[in-house]
Amino acid sequence: MEIVSGKILSKIYKKRNPWVHKGMFGKLGIIAGSYYYSGSPIFVGMAALRAGCDLVRIFAPECIASVIRSYAPDLIVFPYKKDFLDLEILDFIFENSKDLDAFVIGNGLTRNEKVLMAVKEFIKRVKVPCVIDADAIYAVKGMKLNQNFIITPHSYEFFVLSGYEVSNNLKERIEKVKEVAKRYNCTIVLKGHVDVISDGKRVAINKTGSEYMTKGGFGDILAGICGAFLARKIDTFAAAKAATYINGKLGELVAKKFKESLIASDIFELFYLIFKS
């Protein structure tokens with residue numbers, strides 16, 4: 001079993017050639033948001049950009065597109081007219097994502113039947129690596145996946161995925177995550193005080209983080225960082241390890257300043273701290 005450390009950063013962030021250009025460090029698609037939730041796509045997208053992804057393309061309902069665009073001009077939005085994802089929108093997404101290197105799906109989508117049916121179909125059709133998070137996890141149970149996928153559940157979402165109600169006992173969590181990752185043939189990150197990562201063969205644990213990271217958005221940020229690394233062609237197990245380390249370490253560093261007032265978006269402006277730690 002591996003304990004993730006800051007050494008993982010040198011494997012992700014190598015010295016850049018001066019002649020690099022836009023797109024060489026990944027183009028990420030994000031399927032997130034709904035009539036009710038406009039913040040989730042922003043958290044995922046900004047985290048991906050701050051983690052080094054060159055381009056982020058967000059597929060979200062038209063009713064929240066202006067909210068996303070007004071937050072940061074860096075975020076590219078491809079709006080669709082419906083308030084929630086459904087099967088009819090998938091052709092639009094695939095038609096406008098042929099150049100993308102990876103996807104994140106699930107954040108703020110909601111869990112109604114039509115949404116989950118669309119998520120299932122997307123997972124069957126997608127050909128590039130993909131992070132499955134939040135509401136999309138509810139669509140995955142029993143599906144056949146592969147090593148192109150990372151699933152990032154918290155404890156209850158892990159129960160939905162696996163049927164196991166895990167305690168805070170680390171040994172139990174390691175055993176169950178490894179077993180379920182093997183069952184689904186993908187990489188799973190069970191989020192918690194100690195994150196447990198497994199691809200069904202290998203296991204790693206990440207101990208970075210802060211007890212102040214309880215506000216909404218931190219899970220979205222983790223998904224965005226994971227997606228950025230997949231878009232860089234990093235393998236799923238390494239991407240998951242690096243993303244959990246960075247998300248937790250940033251939480252630690254920013255919590256020193258903000259304590260109880262910490263909110264997830266505080267991390268965006270202070271992301272550079274991870275490269276100084």
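## Burial and overall form of the protein chain

Of the 277 residues in the protein chain, buried residues account for 56%, and it should be kept in mind throughout that this is a predicted model. The chain is built from 10 helices and 10 strands. Because a compact globule with 277 residues would have a radius of gyration near 19 Å, the value of 17 Å for the protein chain agrees with that expectation.

The values for the chain as a whole are set out below.

| Property of the protein chain | Value |
|---|---|
| Span of the C-alpha trace along the principal axes | about 45 × 45 × 40 Å |
| Distance between the mean positions of the positive and negative charges | 6 Å |

Among contacts between residues at least 6 apart in sequence, 65% join residues that are at least 24 apart.

V131 belongs to strand β6, which covers residues 130–132. Is V131 buried or exposed? Its relative accessible area is 0%, and because buried means under 20%, V131 is counted as buried. When neighbours within four places in sequence are left aside, V131 is in contact with F103, V104 and I105, with I150 and T152, and with A223, C226, G227 and L230. A242, which lies 111 residues from V131 along the chain, has its C-alpha atom 14 Å from that of V131.

How values were computed: Residues numbered from 1 in each chain as written. Predicted model: local features only at pLDDT ≥ 70, side-chain atom pairs only at ≥ 80, totals over all residues. Heavy atoms only, no water. Helix = DSSP H or I, 4+ residues; strand = E, 2+ residues; numbered from the N terminus. Rg over C-alpha atoms; globule rule 2.2 N^0.38 Å. Buried < 20%, exposed > 50% of the residue type's maximum accessible area, 1.4 Å probe, protein only. Contact = heavy atoms within 4.5 Å. Lys, Arg positive; Asp, Glu negative; His and termini not counted. Charge placed at Lys NZ, Arg CZ, Asp CG, Glu CD.
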